[in-house]
Every structure is written in C-alpha cells, then in structure tokens.
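Dear colleague,

I am handing over the structure below, and I would be grateful if you could look through it with the notes that follow beside you.

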Amino acid sequence: MPPWEFTQLVLGLYIPWTLIPHVIVTMGLAKQTGFIPNYHQMLTILWPMNAFMQGILLLVVWTHAMIGLHFWLRLYPIYHRVKYVALAAAIAWPVLALWGFVEGARRLALAKDVKVKVSQDQWDWVFVLTDQARAFFFSIVIFSLLVILGRYLAGRFSRGVSISYPGGLSVKAQPGASLLEISRMHGVPLASVCGGRARCSTCRVKVIEGLDTLPEPSPAETTVLKRIGVSEDVRLACQIRPASNLQVQPLVAVKSQNGRQTHIQDAYYWGVEQDVVIMFVDLRNFTSMTEAQLAYDVVFLLNQYLDRVSAVIRAEGGHVDKFIGDGIMAIFGMQTGPETGARQALNACRRIEKVMQALNDEKGPQFRDAIRLGVGLHLGQAILGRIGAAGSDGSRGGLTALGDVVNTASRLETENKSHGSFLVVSKAVVDAAGATAPEDSLCEISVRGKEKPLEIFALQQMDGLLLPGEAGTEIPV
C-alpha cells in the first residue's frame, strides 16, 4: 500500500475516536434531554479543556479529505495549473477556522455570558454512551482485522489461485482479493493513481489467459474501460477478483522500490503500452559537409552536436533512446503523459534550433556549408521495453520504444528534405500540447501502410509556434 493510502486509512480510523463524543453531546443530549447545542453553548463546553482535541479532530478530518481530493483531482490537467493555489487554500482554510474557533471561545469565556445547562447526571450519561459507542466501533475494526488474519492463515494451507506475470513471475493467492491487492502483497508493481477506486484506469492489465473465468465488469469499471476505448481482454486490476488461475500483462509503467526480484522492480522489463511522443533529429548533408575534412574536426563537430542536442532533450524531460549515426531518437511523456510530453518535445525543438544556430556560429571556416538539423515529432501508442532484459541474471537492456509511432516519426523527420523545413510535426502533437502553428504550414502526406493521409505542420522556424499562455518568449539554450 502506498504511504498516502496508508496515511489516509489511519486518519480515517482515528476520526471516530474524537467524533463520537462530539456527536453524542450535540445530538444525543438534544434528543435525550432537550439540550439545544447552539454554537455559543458548544464553544463554552469545549473551551478550554476540550479545545485541543477538537482542533486535532478538525485537522485530521481535513487532512483525510484533502489527501483523497488531491489524488482524485490530479487526474485532470487543469488541476496541475492551480495545484499550488489549491495547496495554499487547503492550508489557510483550517488555520483560519481554528483561529476563529479559538478567538470566539476565548471571548465567550471572558464575557461569562453563556451558561451550560447540563447536569452532572447528564454528563455521566454522555461519558457512558461515549465509551459504549467507541467500544462498539473498534470491536468491528478488531473483528475485521481478525477476519483478515484468519484468511491469511487459511491461505497458507490451501491451494489458492496462481497469477502469472511477464518474465516468468508467478504468485499464489487466495480468492477474494482484487488483482491489485494480490500484486501489492507480493511486491509486483502495478500503477494505481486513484488508489483502486475505478477512476483512473492506470491499473489496467491485459488478461492473456483466464478471461472467461472473470465476472462481467461492474458499471464503474465499464464506464472507465469505455472512456479509454480498450479491447475486451483489458480489465482494471482494482476491480477483478480472480477465482481461478490468471495470466496478465500490466499495461502502464510503474516502478517499485521494494521488489524482491530485480526484474519486478522495473515494469519496463515486461514491456508496457502507452501513448508517448517520439522525436527523431538528424544532421542534414553531414556526408558532404565532412568530405575532405580532418577526422579530428569531423568527430569534434559531431560530438558537439550530439552532446548539446541530447542535453537539451534531457533538460526538457525527454529520454534519449539511441544515437543512430548522426541521428538521435528520443521519447517524451513516459512519466508525464502525452500532453505534457508534447509540450516538452516542442520546447526541446525550440532549444535545438538555438543549438543549430550556435553550432553555425562556432563551426569554423573549414566547414563551408551551413549546419542544418531536421526534427520529426509524432504522438501515438508505443511499446516501451528493455530490449535484452531477458535472462536469469536479471540484467537490464536499454529502454526503447517500438511500434508504428516510431516508424511514422522517422518518416516525418525525412519529410524535412522535401519541405526544406526544420521541424515536421504531426497535428496530433500540436493538438495534445494545446499549441498553435501557422496555418500555411499545415499539409497532408501519405504514409505507407495507412489509408488516411497524415496531417502535419512543416515549420521553417519555431517562431510561429506558440504554446498555451505564450507570446513569443525566448527559450534558453
């Protein structure tokens, strides 16, 4: 269980301990004796002996709620733009509430205008009922823990079900737990942004064997699966409870810090499918530029170009997949999502253009032709995996992307030749980033193997492309 879920659970279990006496005083006394629990009466009762515990109750309830609210709202892009303002409000709100509570109670205590009309017998009744209510609630909690312990002990001596993951990993579990819970109990990493509440779809898995043994998706699971448009063999791990053996393939990358085996600490060992932005960068006319040049000058120029461009890619949050001669392949959005990845890739293109200009200023007279770079960007679903990671020694190969999106991005980079452009970017990338590009740079190309033409923007310079909220700002190299 992630720390934030554990914290929220503990806070939730603590709330009744302090809330029970408050409810009994405000509602129980009113029903039993006709006591009217108005705000002045409650402030007088709480101040000063019970004010500390009431403040703790407020902070615990508020923190419990804010944790849940944060992990729900972080699924929406608009939240990331206002999260610091929301954090300030989340801190200020309880502080101001406690300030008002303390100031009001202190003034009432000094004025001594309010008399609490509760007899000692009535207080004794409150204390007895509070103890009984607390005992009842926590006996349910203890009973639940005993049931969990009993199921665990029973599972140690029964056959259970087998869950198989990629890489030859198989675990045993008892029916009843969800696949997400089973995976966590055995240290197998599965993403779960929403905490297993069927909201985010990040725990989705592809069921390779045993799909027919699972019950039909619940309405909540069906809603999420329809929203992301997946095939029938994809299910949410937080919603399925295996009763028979299953073989599954996780589809969203996540890392675990406490995996017991090397290869389950890295989900890319298995291979995951997700939407990413692929970038290809190529040094134009490199062969003709370097003809009759000294080997030292050629290697120096090539290293300057590769070092600076790869540094820009990493600085903008991209992953340098590989160097292909005088070309570079990079991946954006693996950890941040395609929208953020698209913005990062476009920002990287701006800085790569600055690198090209700097290289031309520094290249020296021996290179008479201008240095020209070509960049291609495309967004789509890719298979991300560590090629060469298989093997009993647990070694890790290099992380790479596979799929049609890679081939298309490479094709877009070569389109710079026919358009005489610096960047050819698919409309999908521009739309995902929320950017605007010159309309006269929009065109369509035919891509081999695809029936529909692909809409692209061919940009001579990056000046005409603007991201949301920008107005032609300078980008540092």
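**The hairpin of E7 and E8**

In the hairpin that E7 and E8 form, with two residues between the strands, Gly325 takes a positive phi near 65°. Please keep in mind throughout that this is a predicted model.

Strand E7 (residues 319–324) pairs with E8 in the antiparallel sense over five bridges, and within that pairing Val320 stands opposite Ala330 in E8. Strand E8 also pairs with strand E6 (residues 272–283), again in the antiparallel sense and over six bridges, where Val277 stands opposite Phe332 in E8.

Strand E8 itself, which covers residues 327–332, is mostly covered, with six of its six residues buried. In a regular strand the side chains alternate between the two faces of the sheet. In E8, Gly327, Met329 and Ile331 point one way while Ile328, Ala330 and Phe332 point the other way, and all of them are buried.

**The open sheet**

Five strands form an open sheet with mixed pairing, in the order E2-E1-E5-E3-E4. Strand E2 (169–173) and strand E4 (234–236) stand at the edges, and each has a single partner strand, so one side of each is left without a neighbour in the sheet. From one strand to the next, the twist averages 35°. Within this sheet, strand E1 (residues 161–165) pairs with strand E5 (residues 246–250) in the parallel sense over two bridges, and the bridge partner of Ile163 in E5 is Leu246.

**Cysteines**

How many disulfides does a search of the whole structure find? The search finds zero. For Cys238, the closest cysteine sulfur is that of Cys203, at 3.7 Å, which is too far for a bond, because a disulfide requires the two sulfur atoms to lie within 2.5 Å. Cys238 is buried, with a relative accessible area of 8%, and Cys349 is likewise buried, with a relative accessible area of 0%.

Finally, Ile142, Leu146, Leu149, Tyr152 and Leu153 make a nonpolar surface patch of about 510 Å². One of these residues, Tyr152, lies in helix H5 (residues 120–156), and Tyr152 counts as partly exposed because its relative accessibility is 48%, a value that falls between the limits of 20% for buried and 50% for exposed.

With kind regards

Conventions
Residues numbered from 1 in each chain as written. Predicted model: local features only at pLDDT ≥ 70, side-chain atom pairs only at ≥ 80, totals over all residues. Heavy atoms only, no water. Buried < 20%, exposed > 50% of the residue type's maximum accessible area, 1.4 Å probe, protein only. Helix = DSSP H or I, 4+ residues; strand = E, 2+ residues; numbered from the N terminus. Pairing = 2+ DSSP bridges. Patch = residues over 30% accessible without salt bridge, like charges linked within 9 Å, V, L, I, M, F, W, Y side chains within 5 Å. Areas by Shrake-Rupley, 256 points an atom, 1.4 Å probe, with all protein chains shown as cover. Salt bridge = Lys/Arg side-chain N within 4 Å of Asp/Glu carboxyl O. Axes fitted to C-alpha atoms, helices over the stretch in contact; angles between N-to-C directions.
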